[in-house]
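Here is a short briefing on one protein chain. Look at the sequence and the fold first, then read the points below.

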Amino acid sequence: PDSLAVRNLAEEMTSYNGYTRGTAAQLLYPVNGVSDDYMYQNVTKPWKCLAMTPEVGANQFYEPNNLPMQIAQNTMPCLLMAQAAGVYLDAFSARATGGNGNMSLDPGENADLSVTVRNQAVFDTARDVSARLFSDDPYVTILSPEAVYGDFYNRQVKAQSFSVSLSQDCPIGRRLIFGMRFEATGGYASTDTFSIIAGLADLRYL
C-alpha cells in the first residue's frame, strides 16, 4: 500500500548517487522474504519499518578499497532515509514570482517568493502546518512572513507565497539565505533553510 511513496523516496535517493533503484528480483535475482520485507511488516509486529539495501560494489557486493567513495555516494541518501522516518518538512526550493516578471528577486524590487515544501515522511501526516519566513540578510525585508500550508500527507509537496523586498543596493549575485519556521498540530516544530541568488533566476523553473 505504500509502494508509490517508497518509489518516490527511492527516486530522490538515487538522484544523488546514480544508483539503479528497484526490487532485489528486478536488479539481482528472484528472492522472497528478505530482510527488507521482514522489516516492512510481518505478523509479529503491528508497525512498519521501511528498509532499503544499497549494493555499493561495482563488481561485487562489498569492495573495501572503494569505501570513501561509497560513503560519499550514500551520505545524502542515508539522510533522506532518516528524514522519511517521521514528519520532516523540507523547504527544498523557492522562486520569485510577480515583480518585473523575470522570475528573479532583483535589487530594489518587491516580489512574491513561492516556497515549495515537502513532507519527507513515508508514513506520517503533518496536520495544520503553518510557516514563518525570516532572513538575517541586511538587504532583505520580509513584507508578509506567515503562511498556512494546511495538512501535509506523506511525500506531499505544496507551495505558498511570501512577499519580500530586496534593497536597491544589494549586489547582484549575492546569495540570500532564508529560514522557515514550521509548526504543526501535536507539538511539531522545526526550522529549515534555503537560499536564492539576488538578480538571477533559477533556470530549473524556466
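Among contacts in the protein chain between residues at least 6 apart in sequence, 66% join residues at least 24 apart. Contact here means heavy atoms within 4.5 Å. This is a predicted model: local features need pLDDT of at least 70, side-chain atom pairs count only at pLDDT 80 or more, and totals for chains, interfaces and linings use all residues. Residues are numbered from 1 along each chain as its sequence is written, and side-chain values use heavy atoms, with hydrogens and water left out.

**Overall build**

- The protein chain has four helices and eight strands. Helices (H or I, at least four residues) and strands (E, at least two) are DSSP runs, numbered from the N terminus.
- Read from the N terminus, the order of elements is α-α-α-α-β-β-β-β-β-β-β-β.
- Along the principal axes, the C-alpha atoms fill a box of roughly 60 × 40 × 25 Å.
- Of the 206 residues in the protein chain, 34% are buried. Buried means under 20% relative accessible area, exposed over 50%, and partly exposed in between (1.4 Å probe, protein chains only).
- The accessible surface of the chain is about 11900 Å², and carbon and sulfur atoms hold 53% of it. Such areas come from the Shrake-Rupley method with a 1.4 Å probe; for residues, only the protein chains shown count as cover.

**The open sheet**

- Four strands make an open sheet in the order β5-β3-β7-β8, with antiparallel pairing. Two strands pair if DSSP finds at least two bridges between them.
- At the edges are β5 (146-152) and β8 (188-197), and each pairs on one side only.
- Strand β3 (residues 126-134) pairs with β5 in the antiparallel sense over five bridges.
- Arg132 stands opposite Glu146 in β5.

**The nonpolar cores**

- In soluble globular proteins, nonpolar side chains tend to be buried together.
- The largest nonpolar core has 29 residues, and Val115 and Met180 have the most contacts inside it. A nonpolar core is a set of buried Ala, Val, Leu, Ile, Met, Phe, Trp, Tyr and Cys residues joined through side-chain atoms within 4.5 Å.
- β1 (89-97), β2 (110-119), β3, β5, β6 (157-166), β7 (175-184) and β8 each supply at least two residues of this core. The largest share, five residues, comes from β7.
- Not counting residues up to four places away in sequence, Val115 touches several residues, including Ala91, Tyr149, Phe162, Met180 and Phe194.
- Apart from this core lies another, of eight residues, among them Met13, Leu50, Leu80 and Val122.
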